[in-house]
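This report describes the surroundings of the ligand in the structure shown below.

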Amino acid sequence: MKKLALIGLSVSLLFFAAYPSLRNTQLGSCVVYAFGSFREVAQERSERFLGKVFEDTARCRGGEESVKWRTTAWVDWQRYWATGAEESRSTGLISKLGFWSPNRRGVAGALLDMEYQRIELLRFNLFDNSGTFEEYVRGRNGTAGSAIKIWPQLRLPRGHSAYVDVGGDGPQRCQGELIRFRNLTGICNDITNPLMGSTDQPFARNVPFDATFPDLGKNEIVINRHGDRLGLLQPDPQVISRKLFSRAQAPNNNCHDAHGLAGYVPEANCDYQKAPVLNVLAAFWIQFMTHDWFSHLEEGHNQSELMAMGCSTPDVNNGQTPLSAKEVQQLRCRPEDRVDKSYIAADKPPVTFTHEGNQHLTRAHKTTLNKVTAWWDASQVYGYNDLSGKRVKRDPNDPAKLLLEPVITRAQEVIGYLPLLQPSDYTNPQWSGQESVAFPDNWNIGLSFFHNVFAREHNIFVDAFRQQAAAFPEDDSGLRNPANPTAVIRYKDVTPDELFEVARLVVAAEIAKIHTIEWTPQLLYNEPVYLAMNANWSGLVSKHPLVEKALEKVLARLAKSSSGNKAAAWYSVFATGPGIIGLGNNRPDVNGGVNHFGSPFNFPEEFVTVYRLHSMVPDLIEFRALRSDPNVIRYKIPVVETLRGKATQQVHRYGLADWALSMGRQRLGKLTLQNHPLFLQSLSMPRLKSVTGKIDVPALDIIRDRERGVPRYNEFRRQYGLKQLTSFDDFIDPTLSKNSPERVRQRQIAGLLREVYGQHKCEDSKIITTAQVNSDGAKITDCLGRPNGSMVDNIEDMDAVVGWLAEFARPHGFAISETQFQVFILNASRRLFSDRFFTSSFRPEFYTHFGFKWVNENGPDGVIKETGESNGHQIEVSPLKRVLQRTIPELKSELEPVVNGFDPWARDRGDYYSLQWRPRPGAESDVAFKN
Ligand code: HEM
């Protein structure tokens, strides 16, 4: 590599000695870029590339627009060729020149930037809270910490029901029945680390422990950064909610505080800013996912002790005098709201250790537990502990199936619905009248929808499997029992219990696939992410088995390497070669394809933060009926009338098909400031028995993050390898013309941020971070580049959620901000890298031949292609569309033109990554396109 770089450098020097003026042209920049060596992966946290490339690189990948963008705080790749809509593509002859096409350079460059980010994130952002961190830093017996694969902390404790089975006091290794399927509590996914990812393991962190809990003021840097300005209720969370999160309503729109009009007549309207290319199904999908991955609550509650939620002090600039009654009335907040305090697992001062002269904490100042399994195992459907497991009702007539009962809906369906919870099934009276599912909290119409759909899918798989078994009873099902691995299990020998577990594996993998190649590319609607997500799942080179085999060998070597940093650095790059699914599935070691990068897998608290997506939910659902004209909105049903037991009633009343149609066509709420649902600011919480009986959920989002010590926004960005901001004005999108209404609005919001978080007179002697340095290498100080004594924005105090909602400048088609995306690059990949059932155990021995094919081909009928192209790609009928076609057959004609189940169903997808809101043929009369 070094030799190539030298030759490259010499050629470019000669080139530019002769033609200095060419240097600033695209051609010149591309020569420098092409012959320059690859950028080194940063050795130090403060040397990270921050998503910002060299000038030549930017010019070569995106022309002068891209060069100009380098002066902003935001990542560069969003201004490369072909990373946006049609107008971002270069046209003319050059764009046809394959390898030389600017469009190709742009997209490939964006992919490369993302991969560098991932490598750096794997290197600098893994902090395990379960006691393994000291070895991660020091290494163990000559093995680098990031190459350690087995941890004593993840052994099953004495007294665990499987303690003896995994080896008791000796070396622990899961075997036999424990490794066949996904276990209820998530143990034994990693065979040599039985506890990893199981229920009740500590949440990890993505930022160094000493950067957590800034309000505790535990070190000088933190004190320099925030002074004494932070507290659990400071700045006041309800004031933040009311000033920065509330949806503005046009006068007389009949919203009536999110209750709409009597009889749900469609004349009601609750204004909200709509995301252009995502539907309401996508909002509830992600809530459905988070219930699988993490929860801080146990049976829907926290500690019994209640605490105040703010609405007591005004913004910082006004000092700390209490809000007057008039101000409370104007803000419409509630000082008497109370909520239960978070569970905390450990809050004693953490033990410290010194390595190479630096002192480290062994864990964060406080820790909390993940009360569900961290695996992508559909535990919200199938359970994560004994109590939740009991809520999963199996069909007494066929124990391979989930219990579904007939319900007389208006749609007269033939497929059943989940049964209702019985009082003995739960500990939280708030859940009465809901369907019996493993994770019943915050139940609503969308969760009821997806739980019913996937319960149906489970049973449809079982039926299809039984048909296969009836047709080919003697054939090898592919399934094996590790107790006797060479014995063939024929289709007719698969027991109902085995079939239940196979169906669970299949449903969980289908869900992971939908999320990876359908939900995510629609959430981040552009070409680089489309390619990245498909590569994550099926591999960039999935059509080239030879290359795949070679890459797999490299991967196997990297996975074994004791030189952790190098292995970690390149593993993710190569992993996108063969794709995650099936990584290493032709090797004998069923555990050999996973990689935890030296840090046991669990989600970090910071990951929960970026999933606080409440502003996606509208206040009213535009209800349509399939059997009359789907283009007509018949009712506007308040979401608040579709919560908890009412969700179940509503689903039963109208049937899944009409709800699918309604949520499939309606756009969800934009993730931006001043766009939170009104109903969530006044959510009734009878279980708390407080004076108001209500909470403000957006305010609670802020409080919970503070309780769990999530760094504030600017330090959050620095720690994740993104450029810091220096003032609230940095949020204003630089591409907007000076007096455009949107720029005016953004300026007003910057002013509001200043009002809420305030300003202070800065002291340049105070160093406020070690995560990043200024471009000249100098330390970053309290003055953020301004002269000593200047008034600077308290941007360091801004809560993470507020910050990422304020990011107006985003890559094309991004419903989320680049800061959230950065967190996903790391953790969404790990969810796949770490899970045996998506890597080396994704094979027929566990899934059966029939199940393996079902996941790969999206169902039992083989791969089905869409007739047309989408964004220049020939594509398969999407996995969610196939699931919906099977589980709700009434949707057949409505789904026909749908390419991605999360794109509003009646939208015309138009040209290359168009965000336009136009009806597809046949939907011209749909009233949703009139505004
Ligand atoms: C009708 C819709 C919804 C309702 C009623 C609702 C309600 C709530 C409530 C009350 C909490 C606070 C729990 C606590 O900390 O005490 C919460 C937390 C949360 N919500 Fe929602 N929510 C809704 C939709 C969503 C959606 C669409 C998402 C998208 C991902 C979401 C993501 C989250 C997350 C990530 C948390 C934090 C969970 C944790 O700390 O473990 N919610 N929600």
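The largest share of the shell around the ligand comes from α8, which gives four residues. The model is predicted, with local features requiring pLDDT of at least 70 and side-chain atom pairs pLDDT 80 or more, while totals for chains, interfaces and linings use all residues. Residues are numbered from 1 along each chain as its sequence is written, and side-chain values use heavy atoms, without hydrogens and water.

In total, 25 residues surround the ligand, a residue being near if one of its heavy atoms lies within 4 Å. The closest are His296, Asn442, His614, Arg704 and Arg708. By class, the shell holds 14 nonpolar, eight polar and three charged residues; Ala, Val, Leu, Ile, Met, Phe, Trp, Tyr, Cys and Pro count as nonpolar, Asp, Glu, Lys and Arg as charged, and the others, Gly among them, as polar.

His614 is placed in the loop between α17 (605-610) and β10 (620-623). Helices (H or I, at least four residues) and strands (E, at least two) are DSSP runs, numbered from the N terminus.

| Side chain | Ligand atom | Distance |
|---|---|---|
| Gln287 | nitrogen | 3.4 Å |
| Asn442 | nitrogen | 3.3 Å |
| Arg708 | oxygen | 2.9 Å |

Two or more residues of the shell come from each of α8 (280-293), α20 (678-681) and α21 (697-707).

Technical notes. A polar contact is a pair of N or O atoms within 3.5 Å; within protein, one must be able to donate a hydrogen and the other to accept it, and residues adjacent in sequence count only if both atoms are side-chain atoms.
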